[in-house]
Amino acid sequence: MEIKEIFIQTSKKQELIDITSLIQEELEKLKNTSKKNVTSNGFVNVFVAHTTAGITINENADPDVKEDIINALKIFDKCQFKHLEGNSPAHVKASLIGSSVLIPIENFKLKLGQWQGVMFAEFDGPRKRKIILNFYF
Amino acid sequence: MEIKEIFIQTSKKQELIDITSLIQEELEKLKNTSKKNVTSNGFVNVFVAHTTAGITINENADPDVKEDIINALKIFDKCQFKHLEGNSPAHVKASLIGSSVLIPIENFKLKLGQWQGVMFAEFDGPRKRKIILNFYF
Amino acid sequence: MEIKEIFIQTSKKQELIDITSLIQEELEKLKNTSKKNVTSNGFVNVFVAHTTAGITINENADPDVKEDIINALKIFDKCQFKHLEGNSPAHVKASLIGSSVLIPIENFKLKLGQWQGVMFAEFDGPRKRKIILNFYF
């Protein structure tokens, strides 16, 4: 089991950012330092350490999909909220999108579908954000 | 750790399909080939390799529940979308429902609640779909 | 691998209940009985064995956030439903919030962000509810 932390700086109030290559880089480092066979299989949990951001898997090709997801969730912006910080929609979206994704690993590679990318979902940026990676083999 | 792939053919544009027995079948095969003690405990990650479908756990008794979930999510069909393929609502629903579920295993059986079934959520069918099972003991 | 079951009694029709300390208590028990080094790392899957409740991670400070999440999800109360039990909105919300969260463990402590708490999401209470904890080290 390996725990790694990675950090990203978001640049907008709300956006999806493809972090697939950042996770794959960490996986490459583990491969290079590992005494294990190169066919090592396992999984990684990608976990966001925040309550106004989430992690999801979605299309890595057309960037319009990322924008469409952000826009569809604006349906929750119109609700009546009590939390005085004013970022309640971000909290709601974080819980709906979820705080982590668990991805299979085969031969030290993320076993994703052809169009799948791992997306960090910023709902209250721009901020510096921490992502925790738990690798298991 | 064992990685298995299963395939299903969906038959509608949108539907929930109970795949619990398909997962339990793979678990039975592992039990039969295993040298492990029959009380083996662990978990399985059920992961969908697509961006317009999801995996969720919900009621396995009344089929109306599956239909009600599909219908409730149509709230996202009316949004303004940019993605030219026209299936943006399916991408949104996939991220909301999520791409995987992690289920405890006890004595080579899925440790689900009495009314829980594992549901494949098709949002842009009918299609042939791939599901990746990661078993850990 | 350790499987533990914990039970909670909810008191409202709909509410988020912070169960972080209940999970940490089980982790302390494991630490005390463990022969492992005190720096043991791993993860825990927190899984709800019901179809009208969920598990999510969100803010542990201002209780208004919990209420705001419950209220935002009422957007699904107005849909047309077929399920005769009348609790379809609870089933929809359970699938959107999700049935489990996977949390990293470092030094026998949940590795959560500063403002993160693990929340049991009751959508059809009050009821006695079962939560399954899968610990891996």
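This is a predicted model: local features need pLDDT of at least 70, side-chain atom pairs count only at pLDDT 80 or more; totals for chains, interfaces and linings use all residues.
## Chain A against chain B

In the contact between these two chains, 31 residues come from chain A and 31 residues from chain B. Together the two chains bury about 2400 Å², and 62% of that area lies on carbon and sulfur atoms. On the chain A side, the residues that lose the most area to chain B are D68(A), L102(A) and K111(A), which together account for 23% of what that side buries.

Three salt bridges are found across the interface of chain A and chain B, and E67(A) forms a salt bridge with K82(B), with the closest N and O atoms 3.0 Å apart. Between the two chains there are also 16 residue pairs in polar contact, counted where both residues have pLDDT 80 or more. The side of chain A that touches chain B draws at least two residues from each of strand 3 (42–48), strand 4 (53–59), helix 2 (63–72), helix 3 (88–97) and strand 5 (100–106) of chain A. By class, this side has 18 nonpolar, six polar and seven charged residues.

## Chain A against chain C

Towards chain C, 31 residues of chain A are in contact with 31 residues of the partner, and the two chains bury about 2400 Å² between them, 61% of it on carbon and sulfur atoms. The count of salt bridges between chain A and chain C is three, and the side chains of E5(A) and K111(C) meet in a salt bridge at 2.7 Å, N to O.

Chain A and chain C have 16 residue pairs in polar contact, both residues being at pLDDT 80 or more. Two or more residues of the side of chain A that touches chain C come from each of strand 1 (2–9), strand 3, helix 3, strand 5 and strand 8 (128–136) of chain A, with helix 3 giving the largest share, six residues. By class, this side has 17 nonpolar, 11 polar and three charged residues.

Apart from its neighbours within four places in sequence, L96(A) is in contact with F76(A), with S95(B) and L96(B), and with L73(C), L96(C) and I97(C).

## A loop residue, H50(A)

H50(A) lies in the loop between strand 3 and strand 4 of chain A. Although H50(A) and A94(A) are 44 residues apart in sequence, their C-alpha atoms are 8.7 Å apart in space. Leaving aside neighbours within four places in sequence, H50(A) is in contact with K128(A), R129(A), K130(A) and Q116(C), and its side chain makes a polar contact with the side chain of R129(A) at 3.4 Å.

Definitions and conventions. Residues are numbered from 1 along each chain as its sequence is written. Chains are lettered from A and ligands numbered from 1 in the order in which they are written. Side-chain values use heavy atoms; hydrogens and water are left out. Contact means heavy atoms within 4.5 Å. Buried area is the accessible area (1.4 Å probe) that two parts lose on being put together, summed over both. A salt bridge is a side-chain nitrogen of Lys or Arg within 4 Å of a carboxyl oxygen of Asp or Glu. A polar contact is a pair of N or O atoms within 3.5 Å; within protein, one must be able to donate a hydrogen and the other to accept it, and residues adjacent in sequence count only if both atoms are side-chain atoms. Helices (H or I, at least four residues) and strands (E, at least two) are DSSP runs, numbered from the N terminus. Ala, Val, Leu, Ile, Met, Phe, Trp, Tyr, Cys and Pro count as nonpolar, Asp, Glu, Lys and Arg as charged, and the others, Gly among them, as polar.
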